[in-house]
Amino acid sequence: MPRFRSLFAPLMCIASLSSCVATPAAAAEKLRVLLIDGQNNHQWQKTTPILVQHLKESGRFVADVVTTPPAGADMARFRPNFSDYDVVMSNYNGQRWPRETEEAFVAYLAGGGGFVSVHAADNAFADWPEYNEAIGLGGWFGRDETSGPYVYYKNDKLVVDDAPGRCGGHGAQHEFVVRTREPEHPIVKGLPERWLHAKDELYDTLRGPAKNMTVLATAYSDPATGGTGRDEPSLMAIEFGRGRVFHTTLGHADYSMRCVGFITTLLRGAEWAATGAVTIEKPADFPTEAASRSRE
Ligand code: ZN
């Protein structure tokens, strides 16, 4: 199915329908993803096609992309039909959506929908309480101790820290080891306990409601690269009503998103958010602790 961009939900339904007619058996097994972009302090025009490529090449998903109006433009027509999809994925960090769209998103998620927050999507919407509950933790845009505690690992123990202070940061970009903290969770089950991630930003000092949130994996934020000295959350799973959210802080740039560890956890996280289970297997080219692996 060709990638499809539209602000108009009825046209998206037609696009999905035509793919069902073309290959009914295959399409029935595939999960439907709605990927949102359009505003971001990152190069979403470059990274959205990479995310779509990963979804399609997995054979598990079909994806539609919906692009919001640009910053400052009238958002009133941005009304995607969330309920047409098994999972919504955000590559968006921008202005608030129309009230009806935000209410529809919350209802979709509370009613059992799935959501995936990629990298700076957790910067978005600092002043939207339900969104912050959905992503568990966020950063920047005025967040502080009123947004919720810091959550991190220290000495191999999960710490929920109410200390006042800034929210959101990262040191210099580099390759870093991602470490599994909940090895029995379906998203990370069977993956190596430690794997070397490609060059990326290592987010730190995120804060948020952190309700019904499981930290699946962390990365050590090394003071030598400008970090905090804590093991900061990299991958999280959150339950929101009957819905499920996978939150990856990874994926700053195209080269970060070509990491096989990023790809595998993104796909497995999206599948879990959509269905509550994971069938996608660990690929043969998964990184090790010593060697990162990336795909063209
Ligand atoms: Zn970034």
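S1, helix H3 (residues 44-57) and S2 make a right-handed β-α-β unit; right-handed means that, with the strands pointing away from the viewer, the path from the first strand over the helix to the second runs clockwise. This is a predicted model, where local features need pLDDT of at least 70, side-chain atom pairs count only at pLDDT 80 or more, and totals for chains, interfaces and linings use all residues. Residues are numbered from 1 along each chain as its sequence is written, and side-chain values use heavy atoms, with hydrogens and water left out.

Q: How many residues of strand S1 are buried?
A: Strands here are DSSP E runs of at least two residues and helices are H or I runs of at least four, numbered from the N terminus. Buried means under 20% relative accessible area, exposed over 50%, and partly exposed in between, with a 1.4 Å probe and protein chains only. S1 covers residues 31-37 and is mostly covered, the buried count being 6 of its 7 residues.

Q: Which residue in S2 is the bridge partner of Leu34?
A: Two strands pair if DSSP finds at least two bridges between them. For Leu34, the partner in S2 is Asp64.

Q: And in S3, what is the bridge partner of Leu35?
A: S1 also runs parallel to strand S3 (residues 87-90), with 4 bridges joining them. Leu35 has as its partner in S3 Met89.

Q: Is His42 buried or exposed?
A: His42 sits in the loop between S1 and H3. Its relative accessible area is 15%, so His42 counts as buried.

Q: Which side chain makes a polar contact with the side chain of His42?
A: A polar contact is a pair of N or O atoms within 3.5 Å; within protein, one must be able to donate a hydrogen and the other to accept it, and residues adjacent in sequence count only if both atoms are side-chain atoms. Leaving out residues up to four places away in sequence, His42 touches His119, Ala120, Glu201, Tyr203 and His252, where contact means heavy atoms within 4.5 Å. The polar contact, at 2.9 Å, is with the side chain of Asn41.
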